[in-house]
Amino acid sequence: MHREIRASDAERDAVVERLRRALGQGRLTMEEYDGRVAAAYAAKTRGELDLLTQDLPGSLW
């Protein structure tokens, strides 16, 4: 996956779902979740989305 490729709405939604799961497992605070969700919907590239989940386990996908 090329980090410079523009992100799609579906990719943004998938990242938000992963963040929701992380919140539910106590891996993120509500403040972290809110900030990351806002950043996900503002992200223009796949690379920007990757940064929002790089510290979360892959099992959340």
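## Helix packing, core and salt bridges

L28 touches L19, A22, L23, Y33, R36 and L56, leaving aside residues up to four places away in sequence; contact here means heavy atoms within 4.5 Å. This is a predicted model, in which local features need pLDDT of at least 70, side-chain atom pairs count only at pLDDT 80 or more, and totals for chains, interfaces and linings use all residues. Residues are numbered from 1 along each chain as its sequence is written, and side-chain values use heavy atoms, with hydrogens and water left out.

Let us stay with L28 for a moment. L28 sits in the loop between α1 and α2. Helices here are DSSP runs (H or I, at least four residues), as strands are (E, at least two), numbered from the N terminus. Is L28 buried or exposed? With 7% relative accessibility, L28 counts as buried. The cut-offs are under 20% relative accessible area for buried, over 50% for exposed, and partly exposed in between (1.4 Å probe, protein chains only). From C-alpha to C-alpha, L28 and E48 are 18 Å apart in space and 20 residues apart in sequence.

Now to the helices themselves. Two packed helices are described by the angle between their axes and the distance between the axes. Axes are lines fitted to C-alpha atoms, for helices over the stretch in contact, and angles run from 0 to 180 degrees between N-to-C directions. Helix α1 (residues 9-24) and helix α2 (residues 30-42) have axes that come within 9 Å and cross at roughly 175°. That makes α1 roughly antiparallel to α2; angles over 145 degrees count as roughly antiparallel, those under 35 as roughly parallel, 65 to 115 as roughly perpendicular and the rest as oblique. On the α1 side the contact is made by R12, D13, V15, V16, L19, R20 and L23, and on the α2 side by M30, Y33, R36, V37, A40 and Y41. Sorted by class, the contact of α1 with α2 has nine nonpolar, no polar and four charged residues. In this sorting, Ala, Val, Leu, Ile, Met, Phe, Trp, Tyr, Cys and Pro count as nonpolar, Asp, Glu, Lys and Arg as charged, and the others, Gly among them, as polar.

How do the axes of α1 and α3 cross? They come within 10 Å and cross at roughly 5°, so α1 and α3 are roughly parallel to each other. Here E11, R12, V15, R18 and L19 in α1 meet R46, L49, L52 and T53 in α3. The contact of α1 with α3 has four nonpolar, one polar and four charged residues.

Next comes the core. In soluble globular proteins, nonpolar side chains tend to be buried together. A nonpolar core is a set of buried Ala, Val, Leu, Ile, Met, Phe, Trp, Tyr and Cys residues joined through side-chain atoms within 4.5 Å. The largest such core has 14 residues, and L19, A40, L49 and L56 have the most contacts inside it. Each of α1, α2 and α3 supplies at least two residues of this core, and α1 gives the most, with four residues. L19 touches L28, Y33, R36, V37, L52, T53 and L56, not counting residues up to four places away in sequence.

E32 is found in helix α2 and counts as partly exposed at 35% relative accessibility.

T45 lies in the loop between α2 and α3 (46-53). At 19% relative accessibility, T45 counts as buried. Its contacts, not counting residues up to four places away in sequence, are R3, E4, I5, R6 and A7.

Charged pairs complete the picture. A salt bridge is a side-chain nitrogen of Lys or Arg within 4 Å of a carboxyl oxygen of Asp or Glu, and by this rule the count comes to six salt bridges. Three of them are listed here.

| Salt bridge | Closest N to O |
|---|---|
| D9 and R12 | 3.0 Å |
| R36 and D55 | 2.9 Å |

D9 and R12 are three residues apart in helix α1, and are therefore separated by about one helical turn. D9 is exposed, with a relative accessible area of 56%, whereas R12 is buried at 12%. R21 and E17 lie four residues apart in helix α1, about one turn of the helix. R21 is partly exposed at 34%, and E17 is partly exposed at 27%. E17, R20 and R21 are linked in a network of salt bridges.

R36 forms a salt bridge with D55, and this pair links distant parts of the chain: R36 is in helix α2 and D55 in the segment after α3, 19 residues apart. R36 counts as buried at 16% relative accessibility, while D55 is exposed at 52%.
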